[in-house]
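Me: I have a protein structure open and would like to learn how to read some of its features. Can we go through them one at a time?

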Amino acid sequence: MTTERPNRQAAEVAKGVYLLEIPTPFSVGPVNLYVIKGERLTLVDTGPLTDEAWETFVAGLKSIGIRPEEIEQIVLTHHHVDHCGQLERIRRVSGASTLAHPLAIPYVEMDEDFLSFHDRFFYDLYKESGVPNDKLIIIQKYQKLMMTFSERSRIDVPLKHEQTVPGLPGWRVLYTPGHSQSHLSLFRAEDRVMIAGDHIIKRISSNAFIEPPRDQSAARPLTLVQYRTALQMCADMEIDLALSGHGEPVVGHRELILQRLQRNWERTDMLRHLLAEGEKTAYELTAMLFPILYEKELPLTLSETLGHIDLLTILHQVECRKKEGVLYYSL
């Protein structure tokens, strides 16, 4: 449980854009929501489904003269519960419509067929990765997390890359996958302001979480490859201010992105050195890369390891063999 106490006063961080800092029960700390005063009063992200989050949200809106009932539309940067858990509660009060990337739909609407496939996907992935049977309970923990800190809602308007955001002239959508398949950012060219969600964060590197494919017959997405590509897309853009999903705004995004990409390759090199000692499973590599964190944060750390294996695979720098259902990697 985080001990950080968010500011209950909203702050104008760009023209017509107000930051609301909302507490979460997660180690990442508070999450940033944004209110945009446009043709439609727009909320970007909602925070988790907790009473403390709701009370802080209402207080933050009140500090800028807005009631929850006045919110006209909600844009989700992605489907993680710290960003969308309170969606339905706000919709019930306001009648607001929801805009998000289409890949957020099965999570937000809690599609039972997809969530069942989601569990099977991770069971198979973890078994292939050499995760011990007693650790597989982590799959059920994900479902419990969703049911505890979010509730079934709906998405009314799917958003696509480069389209103008309805009700927000001057703002366009950027599809920035990697941290999640549904991740999008918003960009206003007029003053080069980007609402970056969890794509660009100053104090921590966004994790490229492994996710199942939306098409159950397809291969899983290469999330770290996506994340690096989307970062490079942003590095090529003129962005004066990136408003993050957590922590303070980012000025000088190119320098930060370069640091992220460099550290990313350093970890890939670490993995290569570990494999030089002999073949290993993804789980064994995870334990070696993250000896303190891996048991507490297995989905996060295993995703990171698999992402680096993906990079090495694409570059033909790693070999793989399957033995008794488990994948073993070597140089």
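Me: Where do Trp54 and Phe57 lie, and how many residues apart are they?
Reply: An α-helix has 3.6 residues a turn, so residues three or four places apart point the same way. In this predicted model, Trp54 and Phe57 both belong to helix H1 (residues 51–62) and are 3 residues apart, about one turn of the helix.

Me: What kind of aromatic pair do Trp54 and Phe57 form?
Reply: A pair of aromatic rings is described by the distance of the centres and the angle of the planes. A search of the whole structure gives 8 aromatic pairs. For Trp54 and Phe57 the centres are 5.7 Å apart and the planes make an angle of 50°, a tilted pair.

Me: Is Trp54 buried or exposed?
Reply: Buried means under 20% relative accessible area. Trp54 is buried because its relative accessible area is 15%. Phe57 has 0% relative accessibility, so Phe57 counts as buried too.

Me: Which helix holds Phe117 and Phe121?
Reply: Both are in helix H5 (residues 112–128), 4 residues apart, about one turn of the helix. Phe117 and Phe121 are both buried. They also belong to one aromatic cluster, together with Tyr107, Phe114, Phe122 and Tyr126.

Me: What does Phe149 touch?
Reply: Leaving aside residues up to four places away in sequence, Phe149 touches Pro25, Phe26, Pro48, Leu49, Thr50, Val81 and Gly85. Phe149 is in helix H6 (residues 138–149). With a relative accessible area of 18%, Phe149 is buried.

Me: Now to charged side chains. How many salt bridges does the structure hold?
Reply: Side chains of opposite charge can pair when their charged atoms come close. The structure holds 19 salt bridges. One of them joins Arg67 and Glu70, at 3.8 Å from N to O. Arg67 is partly exposed, at 48% relative accessibility, and Glu70 is partly exposed at 32%.

Me: Which parts of the chain does the salt bridge of Glu151 and Arg92 link?
Reply: The closest N and O atoms of Glu151 and Arg92 are 3.2 Å apart. The pair links distant parts of the chain: Glu151 is in the loop between H6 and strand S7 (157–158), and Arg92 is in helix H3 (residues 87–94), 59 residues apart. Glu151 is partly exposed, with a relative accessible area of 26%, whereas Arg92 is exposed at 52%.

Me: Where are Glu279 and Arg321?
Reply: Glu279 is in the loop between H8 and H9, and Arg321 is in strand S12 (residues 319–323), so the pair links distant parts of the chain, 42 residues apart. Their side chains meet in a salt bridge of 2.6 Å, N to O. Glu279 is partly exposed at 34% relative accessible area, and Arg321 is partly exposed at 37%. Elsewhere, salt bridges that share partners join Glu88, Arg91, Arg154 and Asp156 into one network.

Me: How many residues does helix H8 have, and what covers its buried residues?
Reply: Helix H8 (residues 253–276) has 24 residues and reaches 35 Å from its first C-alpha to its last, close to the 34 Å expected. Its buried residues include His253, Leu256, Arg260 and Leu275. Among the elements that cover the buried residues of H8 are H7, helix H9 (282–289) and helix H10 (298–314). H8 is followed by Gly278, which has a positive phi, near 140°.

How values were computed. Residues are numbered from 1 along each chain as its sequence is written. This is a predicted model: local features need pLDDT of at least 70, side-chain atom pairs count only at pLDDT 80 or more; totals for chains, interfaces and linings use all residues. Side-chain values use heavy atoms; hydrogens and water are left out. Helices (H or I, at least four residues) and strands (E, at least two) are DSSP runs, numbered from the N terminus. The expected span of a helix is 1.5 Å times one less than its number of residues. Buried means under 20% relative accessible area, exposed over 50%, partly exposed in between (1.4 Å probe, protein chains only). Contact means heavy atoms within 4.5 Å. Rings of Phe, Tyr and Trp (its six-membered ring) pair if their centres lie within 6.5 Å; planes under 30 degrees apart count as stacked, over 60 as edge-to-face and the rest as tilted. A salt bridge is a side-chain nitrogen of Lys or Arg within 4 Å of a carboxyl oxygen of Asp or Glu.
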